[in-house]
Amino acid sequence: MSAAEPRASVSTCGPVLIVGTGLLGTSLALALRTADVEVQLSDTSPTSLALARDIGAGTPHDKHSPEPQIVVVATPPDVTADVVVAQLSAHPNAVVTDVASVKERVAAEVRARAGAEARRYVGSHPMAGRERSGAGSADSDLFAGRPWVVVGQDSDPEAELAIRNLAVDVGATPVRMGASEHDAAVAAVSHMPQLIASLVAARLEELGESALALSGQGLRDVTRIAASDPRLWSAIVVGNAGPVADLLRRISDDLSALITGIEAAACDPGGPEYTAPGAASTIAPGAVGAVTDVMTRGNAGRARIPGKHGGAPRRYVEVQVLVPDAAGELGRLFSDVGAAGVNIEDFSLEHSAGQSAGIALISVLPAAAQGLEEALDAKGWRVVAG
């Protein structure tokens, strides 16, 4: 859905005051403006505020602005509690929420400092984002189809309902969780992957250009989120230190076992060389087992990630097609897939350095794979054997 297309009727009544005009705050403002909800903007940075205003996210809040019905705090997590408490005091009739990715510490501070007014506070967290930050990267459809965690413990039921409606009105799916449950979950599915991606990418600093030229899609996939804002992520990780540290210790234990196994092969005088059939293996005991164990458990974990539309994961077949790097070629490919009556379940495009073509990886249901390959071959596409 484009920003120009009106959404269905919404339940959220404005004005909605958004404090913090970064990626999440400005994206939420744009989504609400698309639904014709009045939005007010506030930010300590005049430049960020002006940019959000200029792209149509809302009007700057001042002392003459009408009182907001909802206040959304979209600031870094290390200052979120302070801002929430201030907004509860400044707007005594408004429901206040935040979108920080850390919930337990923020909720505890708000309850301790705001007293009875904390009943109007509902912690929340949209599971949406991107590597780029700031209002310039905002997208009115950022929340469409994404889970939006609502932490309603100790909140007024009407306040919680207002935030659930807010999530639905911008296309998200509300998911109710406790604060500690949320923090443990995001440590595993968001915070830890960010740190691991950054650790892998950090090893590339000392790599020579000739080695980097060999990079494939696997490296790009693993390190994509390593381009994220270090200052923001420092605040996020420190705010959720306990669950993140626990996961990193477990990964450290796995790494230690893997290193021990691999080093056994590296130190084997015979080396992991070719062994004739029937002869004794020269590979050190435990080396293959260590790698197999971590890979097998990785396969099992990967298979548990929810599939399309959040449902149970399904097995797809990848049809690989060589796509010339020229205007209109990708569009022509999509058109030919549609003409074959096949639905694309997932898609990615791999590029190799110095090549004038990429490989399109089209994920389809197994029953459709052979027919699609034949249809594309008949259209002149070069189908690459998997």
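The buried residues of helix α5 pack against α1 (23-34), β4 (70-73), β5 (95-98), β6 (121-126), β7 (147-151) and β8 (173-176). The model is predicted.

**Helix α5**
- Helix α5 spans residues 157-169, 13 residues in total.
- From first C-alpha to last, α5 reaches 18 Å, close to the 18 Å expected at 1.5 Å a residue.
- Its buried residues are A159, E160, I163, L166, A167 and D169. The list includes the acidic residues E160 and D169.
- D156 caps the N-terminal end of α5. One of its side-chain oxygens lies 2.9 Å from the backbone nitrogen of E158.
- Just after α5, G171 takes a positive phi of about 95°.

**Helix α9**
- Helix α9 covers residues 230-239. Buried here are W233, A235, I236, V237 and G239.
- The cover over these buried residues includes α3 (77-90), α4 (104-114), α6 (179-202) and α10 (241-266).
- D229 caps the N-terminal end of α9. A side-chain oxygen of D229 sits 3.1 Å from the backbone nitrogen of R231.

**S27 in α1**
- S27 lies in helix α1, one of the elements that the buried residues of α5 pack against.
- S27 counts as buried because its relative accessible area is 0%, and the cut-off for buried is under 20%.
- Leaving out residues up to four places away in sequence, S27 touches G22, A138, D139, S140, L142 and F143.
- S27 and F143 are 116 residues apart in sequence. In space, their C-alpha atoms are 8.2 Å apart.

**S363 in β11**
- S363 belongs to strand β11, residues 357-364.
- At 9% relative accessibility, S363 falls under the 20% cut-off and so counts as buried.

**Nonpolar surface patch**
- I262, V291 and M295 make a nonpolar surface patch of about 260 Å².
- V291 is located in helix α11, residues 287-303.
- V291 has 34% relative accessibility and therefore counts as partly exposed, a class that lies between the 20% and 50% cut-offs.

Conventions
Residues are numbered from 1 along each chain as its sequence is written. This is a predicted model: local features need pLDDT of at least 70, side-chain atom pairs count only at pLDDT 80 or more; totals for chains, interfaces and linings use all residues. Side-chain values use heavy atoms; hydrogens and water are left out. Helices (H or I, at least four residues) and strands (E, at least two) are DSSP runs, numbered from the N terminus. The expected span of a helix is 1.5 Å times one less than its number of residues. Buried means under 20% relative accessible area, exposed over 50%, partly exposed in between (1.4 Å probe, protein chains only). Contact means heavy atoms within 4.5 Å. A polar contact is a pair of N or O atoms within 3.5 Å; within protein, one must be able to donate a hydrogen and the other to accept it, and residues adjacent in sequence count only if both atoms are side-chain atoms. Patches are made of residues with over 30% relative accessible area and no salt bridge: like charges are joined within 9 Å, nonpolar side chains (Val, Leu, Ile, Met, Phe, Trp, Tyr) within 5 Å. Accessible areas come from the Shrake-Rupley method with a 1.4 Å probe; for residues, only the protein chains shown count as cover. A salt bridge is a side-chain nitrogen of Lys or Arg within 4 Å of a carboxyl oxygen of Asp or Glu.
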